[in-house]
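Here is a short note for a colleague who has not looked at this structure before. The points below go through each chain and then the place where the chains meet.

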Number of protein chains: 2
Amino acid sequence: MTESNDRAQASEDVARIRELIEAWRQAVLAKDVNALVSHYAADVVVFDVVPPASLRGVEHYRENWQRWFDSMKGPLTFEMREVEVAASGDLAYAHSVNRVAVGEQDDIVRATVCFRKIDGDWRVVHEHASVPLTMDMDPDEKS
Amino acid sequence: MTESNDRAQASEDVARIRELIEAWRQAVLAKDVNALVSHYAADVVVFDVVPPASLRGVEHYRENWQRWFDSMKGPLTFEMREVEVAASGDLAYAHSVNRVAVGEQDDIVRATVCFRKIDGDWRVVHEHASVPLTMDMDPDEKS
């Protein structure tokens with residue numbers, strides 16, 4: 001049985017992924033798109049906050065960030081809360097509830113990130129970021 | 001080396017998860033909330049299309065679906081496109097771009113689902129569903 005070895009490896013992997021997540025957050029704050037995409041797989045599939053609904057490829061992802069950085073008016077705040085990470089074998093996932101503020105705009109952005117271990121280190125192979133839909137329906141409709 | 005065994009197991013796991021996803025879709029179409037949550041972990045963390053931004057627990061998830069089923073006016077269409085699944089060790093993830101139509105409302109909903117193998121079968125431990133944010137900004141702002 002290698003179960004305890006597997007568990008030790010998963011624990012090490014989770015620690016590494018937490019490092020990558022914090023490095024990614026620092027890259028966002030520094031508006032450094034090269035650092036930001038440095039651990040992304042070339043064919044990453046991204047469901048971003050804004051359209052298109054789905055995009056494939058790290059270059060499109062990079063362009064979205066660059067466009068957002070270029071459009072920013074005011075200082076940026078990017079806090080990650082409720083960060084949970086799990087790893088097993090060559091896969092891992094992380095999710096968090098982030099506070100993203102630019103000037104007077106202040107949003108909650110949910111993030112789910114899936115990683116695959118490729119050539120010994122972790123790469124983002126899928127990312128899903130979103131804000132909850134504002135509902136038009138009457139909250140008392142069931143009363 | 002057990003690499004080829006690992007690969008055969010991952011392939012079997014992916015097939016099982018595709019079965020679970022199709023069973024889930026059929027449960028949605030049947031508006032059967034019990035079948036819908038039958039492969040969810042009790043403490044699943046869900047980032048749903050509508051607020052709250054994050055919820056924990058299969059009972060809250062079940063209530064969201066029941067509320068939505070109860071509010072439906074018109075026939076339901078639920079198609080899953082671009083379904084991709086990966087598995088390794090005790091973790092797996094799936095993502096898809098779904099078409100969800102109720103009566104005259106017709107939406108694209110992105111879904112990311114993370115699974116963990118518990119007691120020999122797969123359970124959903126995290127789910128993230130969203131629609132892209134409608135942008136207010138001028139698409140020609142960079143010109």
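1. A definition is needed before the helices are described: axes are lines fitted to C-alpha atoms, for helices over the stretch in contact, and the angle between two N-to-C directions runs from 0 to 180 degrees. The model is predicted.

2. In chain B, helix H1 spans residues 3-29 and lies across E3, E4, E5 and E6 of that chain. Its direction is at about 160 degrees to that of E3(B). Helix H3 (residues 58-71) of chain B also packs on the sheet, where it touches E1 and E2 of chain B. The angle between H3 of chain B and E1(B) is about 60 degrees.

3. The sheet of chain B is open and has 6 strands, in the order E2-E1-E6-E5-E4-E3, with mixed pairing. Strand E2 (55-56) and E3 of chain B are the edge strands, and each pairs on one side only.

4. One parallel pair in chain B is E1(B) with E6(B), joined over 4 bridges. Within this pairing, Phe47(B) has His128(B) in E6(B) as its bridge partner.

5. Chain A has an open sheet of 6 strands, and the order is E2-E1-E6-E5-E4-E3 with mixed pairing. Strand E2 (55-56) and strand E3 (76-88) of chain A have a single partner strand each, so one side of each has no neighbour in the sheet.

6. Strand E4 (residues 91-102) and strand E5 (residues 105-118) of chain A run antiparallel and are joined by 12 bridges. Arg99(A) has Ile108(A) in E5(A) as its bridge partner.

7. Helix H1 (residues 3-29) of chain A lies across E3, E4, E5 and strand E6 (121-130) of chain A, at about 160 degrees to E3(A). Helix H3 (residues 58-71) of chain A packs on the sheet and touches strand E1 (40-47) and E2 of chain A. The direction of H3 in chain A makes about 60 degrees with that of E1(A).

8. Where the chains meet, 32 residues of chain B are in contact with 31 residues of chain A. On the side of chain B that touches chain A, at least two residues come from each of strand E1 (40-47), strand E3 (76-88), strand E4 (91-102), strand E5 (105-118) and strand E6 (121-130) of chain B. E4(B) gives the most to that side, with 5 residues.

9. What is the make-up of the side of chain B that touches chain A, in nonpolar, polar and charged residues? The residues there are 18 nonpolar, 9 polar and 5 charged.

Notes
Residues are numbered from 1 along each chain as its sequence is written. Chains are lettered from A and ligands numbered from 1 in the order in which they are written. This is a predicted model: local features need pLDDT of at least 70, side-chain atom pairs count only at pLDDT 80 or more; totals for chains, interfaces and linings use all residues. Two residues are in contact if their C-beta atoms, placed from the backbone, lie within 7 Å. Ala, Val, Leu, Ile, Met, Phe, Trp, Tyr, Cys and Pro count as nonpolar, Asp, Glu, Lys and Arg as charged, and the others, Gly among them, as polar. Two strands pair if DSSP finds at least two bridges between them.
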